[in-house]
Amino acid sequence: MLARLTDGTRIVIREIRPTDKRMLARGVELLSEETRRRRFLTAKPRLTRGELRYLTEVDGERHFALVAVLADQLDHVVGVARFVKLPGEGATADAAIVVGDPWQRRGLGRRLALLLADAARERGVRRFSATMLSDNPAAIALMRTLAARLEGGGHAAGIREVAVELAA
Ligand SMILES: CC(C)(COP(=O)(O)OP(=O)(O)OC[C@H]1O[C@@H](n2cnc3c(N)ncnc32)[C@H](O)[C@@H]1OP(=O)(O)O)[C@@H](O)C(=O)NCCC(=O)NCCS
């Protein structure tokens with residue numbers, strides 16, 4: 001689908017593909033250290049081959065991922081959103097979203113979060129959980145986009161678990 005950021009940048013949002021490995025690897029390299037740490041919870045300078053396989057070769061059901069790319073440069077990723085169902089009955093999924101630094105605060109995170117929640121509900125997911133650094137107001141704001149009430153999980157060693165019930 002075609003979308004516009006609040007600054008007018010045109011982007012395309014679509015499901016991730018196995019052929020996105022190189023684009024994703026480059027996208028992660030271009031993230032600031034802070035954004036990378038907020039997404040992966042470690043310094044993680046680059047993704048390994050195994051991680052790239054895991055992140056792009058998804059089944060679209062248990063593990064679902066969207067990429068946002070520039071409409072004028074389709075091999076340039078600007079954001080990624082994914083959920084992975086937790087083992088068990090599959091009603092809860094771990095969600096993670098990242099937006100490239102130059103495109104943050106232009107509504108893309110929110111757009112991806114809403115699309116991700118739609119795809120999750122269609123696949124039987126009723127609850128998102130997320131693991132984030134304790135000090136991550138943007139991630140909390142995104143979770144609040146999906147549900148007014150946040151369930152707080154544990155806080156330990158600077159890491160926080162948050163969950164939301166997806167509206168029907
Ligand atoms: C979290 C993230 C995806 C948000 O993406 P984004 O495109 O900047 O988000 P949006 O522009 O759609 O803004 C969504 C909300 O976050 C708020 N927000 C964004 N950046 C913020 C910041 N640095 N501080 C406080 N609030 C912030 C916005 O005000 C908005 O809130 P509102 O809906 O109440 O107005 C982005 O900051 C990011 O990639 N961070 C690093 C990775 C990460 O932390 N991922 C989440 C944990 S997995």
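Student: In this predicted model, which residues lie nearest the centre of the second largest pocket?

Tutor: The model is a predicted one, and its second largest pocket has a lining of 27 residues. By class, that lining divides into 17 nonpolar, five polar and five charged residues. Those that lie nearest the centre of the second largest pocket are Leu24, Arg26, Gly27, Val28 and Val77.

Student: Which element gives the largest share of the lining of the second largest pocket?

Tutor: The elements that supply two or more residues to the lining of the second largest pocket are α1 (21-30), α2, β4 and β5. The largest share of that lining amounts to eight residues, and the element that provides them is β4.

Student: What volume does the second largest pocket have, and how much space lies in the largest pocket?

Tutor: For the second largest pocket the computed volume is about 390 Å³. The largest pocket is the space taken by the ligand, and the space that lies in it comes to about 1,200 Å³.

Student: Which element gives the most to the lining of the largest pocket?

Tutor: The largest pocket is lined by 44 residues, with Ile97, Val98, Asn136, Ala139 and Leu142 nearest its centre. At least two lining residues come from each of α2, α3 (49-56), β4 (73-85), β5, α4, β6 (127-133) and α5. The element that gives the most, with eight residues, is α5.

Student: Which element gives the most to the shell around the ligand?

Tutor: The shell around the ligand has 10 nonpolar, five polar and five charged residues. Four elements, namely α2 (33-40), β5 (92-99), α4 (108-122) and α5 (137-146), each supply at least two residues of that shell. With five residues, the element that gives the most is α5.

Student: Which residues come nearest to the ligand, and which one has a side-chain N or O atom 2.7 Å from a ligand oxygen atom?

Tutor: Of the 20 residues around the ligand, those that come nearest are Ile97, Val99, Arg105, Arg110 and Asn136. A polar backbone atom of Val99 lies 2.8 Å from an oxygen atom of the ligand, and for a polar backbone atom of Arg106 the distance to a ligand oxygen atom is 3.2 Å. The residue whose side chain places an N or O atom 2.7 Å from an oxygen atom of the ligand is Asn136.

Student: How much of the area that the ligand exposes when taken alone does the protein bury?

Tutor: Taken alone, the ligand exposes 910 Å². Of that area, the part buried by the protein is 76%.

Notes
Residues numbered from 1 in each chain as written. Predicted model: local features only at pLDDT ≥ 70, side-chain atom pairs only at ≥ 80, totals over all residues. Heavy atoms only, no water. Near = heavy atom within 4 Å. Polar contact = N/O pair within 3.5 Å; in protein donor to acceptor, adjacent residues only side chain to side chain. Areas by Shrake-Rupley, 256 points an atom, 1.4 Å probe, with all protein chains shown as cover. 1 Å grid on protein atoms, 1.4 Å probe; cavity = no way out; pocket = protein on both sides within 12 Å on 5 of 7 lines; lining within 4 Å. Sits in = over half its atoms within 2 Å of the grid points. Nonpolar A, V, L, I, M, F, W, Y, C, P; charged D, E, K, R; others polar. Points joined across faces, edges and corners; volume = space filled by probe spheres on them.
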